[in-house]
Amino acid sequence: MEKGIFISFEGPDGAGKSSVMAAIAAWLRAELGDARVIETREPGGNRIAEQIRAVLFDDRNTNMDARTEALLFAAARRQHVVEDLQPALAAGKVILSDRYVDSSVAYQGAGRQLGIDRVWELNQYATAGCLPQLTVYLDLPVEEGLARIAAHRSDQVNRLDREQLAFHETVHAAYDELARRHPQRIVKVDARPPMPEVIDQVKALITARFFA
Ligand code: TYD
């Protein structure tokens, strides 16, 4: 029986996911003690998964096929589940993961047009049904997310072309669809307010769900 807590953080690029997760991790560490809280990310988490990550994000791999990409994300996830997540859950830890299955469904299933059901099924196989109890979906309008990225990386401001915008719109729509399909697990949090407010929202959500 799993006795730990597994929370994933999802959302389109620019939603502030990593910053929110870092703040939540610091808060939980202070509340529960350092040893109880594990911060991880996908693709990654261990040596094998990080090696797969390097293949996925290698700039030379511009010819990577969409199914290859989906399979590599799923393979990295499988290793993450077996090597890190399941043992941590069995040990009663609180796991915070920067992205998990919903990223594959949104980016590969919708964005790369492999089909959200198909990519969902692939990931059921990869994870053997290991799902977070809570997925914090930081929701931000696509234009705003891209604008935030542009503001932080001003050298890339002209690269946000129409095709990228359409891709991100598709990803965003898929996250909304996932939230509709899994209303118990996926909770949408408005990422537009200032960061401290967003963090407070997420703290309240986690407290109500697990520590009330
Ligand atoms: P990363 O460098 O981790 O940054 P961030 O999560 O802050 O965007 O990049 C992860 C990228 O990989 C991101 O663009 C989403 C993508 N991704 C997928 O396409 N599928 C997946 O299953 C995962 C985990 C990530």
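Ala 128 is located in the loop that joins helix H5 (116–127) to strand S4 (134–139); helices (H or I, at least four residues) and strands (E, at least two) are DSSP runs, numbered from the N terminus. The model is predicted, so that local features need pLDDT of at least 70 and side-chain atom pairs count only at pLDDT 80 or more, while totals for chains, interfaces and linings use all residues. Residues are numbered from 1 along each chain as its sequence is written, and side-chain values use heavy atoms, with hydrogens and water left out. Phi of Ala 128 is near 50°, a positive value in a residue other than glycine. Ala 128 is exposed, its relative accessible area being 60%. Here buried means under 20% relative accessible area, exposed over 50%, and partly exposed in between (1.4 Å probe, protein chains only).

Arg 99 also has a positive phi in a residue other than glycine, near 80°. Arg 99 sits in the loop between S3 and H4 and, because its relative accessibility is 14%, counts as buried. The backbone oxygen of Arg 99 lies 2.9 Å from a polar atom of the side chain of Ser 97. Such a polar contact is a pair of N or O atoms within 3.5 Å; within protein, one must be able to donate a hydrogen and the other to accept it, and residues adjacent in sequence count only if both atoms are side-chain atoms. Ser 97 belongs to strand S3 (residues 94–98) and counts as buried because its relative accessibility is 0%. Residues up to four places away in sequence being left out, Ser 97 touches Phe 6, Ile 7, Ser 8, Phe 9, Met 21, Thr 40, Arg 41, Glu 42 and His 80, where contact means heavy atoms within 4.5 Å.

Around the ligand there are 14 residues, of which the closest are Asp 13, Arg 77, Arg 99, Ser 104 and Gln 108; a residue is near a molecule or strand if one of its heavy atoms lies within 4 Å of it. By class, this shell has four nonpolar, four polar and six charged residues. In this classification Ala, Val, Leu, Ile, Met, Phe, Trp, Tyr, Cys and Pro count as nonpolar, Asp, Glu, Lys and Arg as charged, and the others, Gly among them, as polar. Taken alone the ligand exposes 540 Å², and 76% of that is buried by the protein; accessible areas come from the Shrake-Rupley method with a 1.4 Å probe, and for residues only the protein chains shown count as cover. Two or more residues of the shell come from each of helix H1 (17–32), helix H3 (66–90) and helix H4 (101–111). H4 gives the most, with four residues.

Ser 104, among the closest residues to the ligand, is in helix H4 and is buried, with a relative accessible area of 1%. Beyond four places in sequence, Ser 104 touches Phe 73, Arg 77, Gly 109, Val 119 and Asn 123. In helix H1, Ile 24 counts as buried at 0% relative accessibility. Its contacts, not counting residues up to four places away in sequence, are Phe 9, Leu 96, Ile 199, Val 202, Lys 203 and Ile 206. The C-alpha atoms of Ile 24 and Trp 120 are separated by 27 Å, the two residues being 96 apart along the chain.

Helix H2 (residues 47–56) has Ala 49, Ile 52, Arg 53 and Leu 56 as buried residues. These lie on the same side of H2 because they cover an arc of only 105° around the axis, the arc being that of the directions from the helix axis to the C-beta atoms. An α-helix has 3.6 residues a turn, so residues three or four places apart point the same way. Strand S2 (37–41) and H3 are included in what covers the buried residues of H2, whereas the face turned away from the buried side carries the exposed residues Arg 47 and Ala 54. At the N-terminal end, Asn 46 caps H2, with a side-chain oxygen 3.2 Å from the backbone nitrogen of Ile 48. In the loop between S2 and H2 lies Pro 43, and the peptide bond from Glu 42 to Pro 43 is cis, with omega near -10°.
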